[in-house]
Amino acid sequence: MTLAVEQVADPPPTEADEALLSINNVEVIFNDVILVLRGISLDARKGKVTALLGANGAGKSTTLKAIAGLLLTEDGEISRGTVTYDGRDVTYAAADRKVRDGIFLVMEGRGIIQDMTIRDNLRLGAFTRPDARVEAEIEQVYRFFPRLKERTGLAGYLSGGEQQMLAIGRAMMAKPRLIMMDEPSMGLSPLLVKEVFGIIRRLNRELGISILLVEQNANMALKIADYGYIMENGKIVLDGPAEELMRNEDVKEFYLGGGEERRSFLNVKSFRRRKRWL
Ligand code: ATP
């Protein structure tokens with residue numbers, strides 16, 4: 001007996017499948033000698049949450065700084081490869097141009113201005129937008145973060161979690177299409193981590209903002225992400241849909257397990273990257 005094999009055609013690509021941001025085979029070098037990114041490629045798709053995961057020193061923050069155009073201040077540069085945003089090559093575009101075009105980086109350590117009020121920090125977020133209806137937009141931020149509205153003092157007096165919320169609120173004021181977040185869970189209690197990740201998901205679902213999320217907390221990140229990349233030693237070693245990564249035995253062992261010592265993905269044969277580099 002022969003079995004009929006049903007042909008299932010791939011669904012046509014929708015706008016949501018398109019990459020808003022693509023980095024292709026990017027190398028980053030510091031001080032002309034230290035090669036930190038060794039040819040990485042990834043996509044942040046329109047309307048999706050993309051997670052970039054990896055241990056300390058893998059090169060995650062460097063990736064975000066390269067995209068945002070912030071390497072020069074650290075004597076770093078993209079020495080090879082391209083960054084494409086919304087179909088345009090922005091590899092060497094200036095940082096402020098990228099903010100105006102809708103790419104906003106929420107930095108590790110939050111980068112809020114401690115001796116300014118919460119409102120003034122939020123106003124700063126809109127500085128690239130002369131058309132902003134600043135006060136009305138601040139009210140929209142307060143709808144996401146009611147706790148910030150209750151606090152009247154200087155930003156420096158906010159708790160770690162509130163500072164993280166303010167940093168995200170300031171990003172909202174720039175009306176970005178893509179928010180890149182560097183370790184939003186850093187230094188927060190488990191309860192606050194949950195709250196902050198819930199807000200990131202809402203920004204994505206309710207405001208349609210695409211998110212590129214850098215995290216060491218793989219468990220939380222994969223729960224809200226659509227797609228994930230895992231990075232080690234300046235290279236992507238694995239990528240896939242978030243639910244697939246959560247089921248992957250090696251990912252479970254290395255990143256989702258309870259406190260086991262983390263081994264290197266590079267030693268695991270199944271982690272050899274499937275994609276071919278350019
Ligand atoms: P973490 O979670 O610790 O921030 P990460 O994955 O974000 O880790 P990066 O901060 O991107 O890692 O750093 C990757 C590597 O690049 C590290 O070995 C780091 O020492 C090196 N590096 C980062 N910035 C510079 C710099 N300005 N000059 C020289 N080396 C740097």
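1. This note concerns a predicted model. Begin at the ligand, where a polar side-chain atom of Glu183 is 3.2 Å from one of the ligand's oxygen atoms. Gln216 also reaches a ligand oxygen: an N or O atom in the side chain of Gln216 lies 3.2 Å from an oxygen atom of the ligand.

2. Two packed helices are described by the angle between their axes and the distance between the axes. Helix 6 covers residues 160–173, and helix 6 takes part in each pair discussed below.

3. Helix 3, residues 118–125, has an axis that comes within 6 Å of the axis of helix 6, with a crossing angle of roughly 40 degrees. Helix 3 is therefore oblique to helix 6, and their crossing is right-handed. On the helix 3 side the contact involves Ile118, Asn121, Leu122, Leu124 and Gly125; on the helix 6 side it involves Leu166, Gly169, Arg170 and Met173. By class, this contact of helix 3 with helix 6 holds five nonpolar residues, three polar and one charged.

4. Helix 7 spans residues 190–207, and its axis and that of helix 6 come within 10 Å, crossing at roughly 15 degrees. Helix 6 is therefore roughly parallel to helix 7. The crossing of helix 6 with helix 7 is right-handed. Helix 6 contributes Gly161, Gln164, Met165, Ile168 and Met172 to the contact, while helix 7 contributes Leu192, Glu195, Val196, Ile200, Leu203 and Leu207. The contact of helix 6 with helix 7 has eight nonpolar residues, two polar and one charged.

5. How is helix 4 oriented to helix 6: roughly parallel or oblique? The axes of helix 4, residues 134–144, and helix 6 come within 10 Å and cross at roughly 140 degrees. Angles over 145 degrees count as roughly antiparallel, and helix 4 and helix 6 are therefore oblique to each other. Their crossing is right-handed.

6. Where helix 4 meets helix 6, the residues from helix 4 are Val134, Glu137, Ile138, Gln140, Val141 and Phe144, and those from helix 6 are Gly169, Met172 and Met173. By class, the contact of helix 4 with helix 6 divides into six nonpolar residues, two polar and one charged.

Terms used: Residues numbered from 1 in each chain as written. Predicted model: local features only at pLDDT ≥ 70, side-chain atom pairs only at ≥ 80, totals over all residues. Heavy atoms only, no water. Axes fitted to C-alpha atoms, helices over the stretch in contact; angles between N-to-C directions. Helix = DSSP H or I, 4+ residues; strand = E, 2+ residues; numbered from the N terminus. Parallel < 35°, antiparallel > 145°, perpendicular 65-115°, else oblique. Left-handed = near helix turned anticlockwise from the far one by under 90°. Contact = heavy atoms within 4.5 Å. Nonpolar A, V, L, I, M, F, W, Y, C, P; charged D, E, K, R; others polar. Polar contact = N/O pair within 3.5 Å; in protein donor to acceptor, adjacent residues only side chain to side chain.
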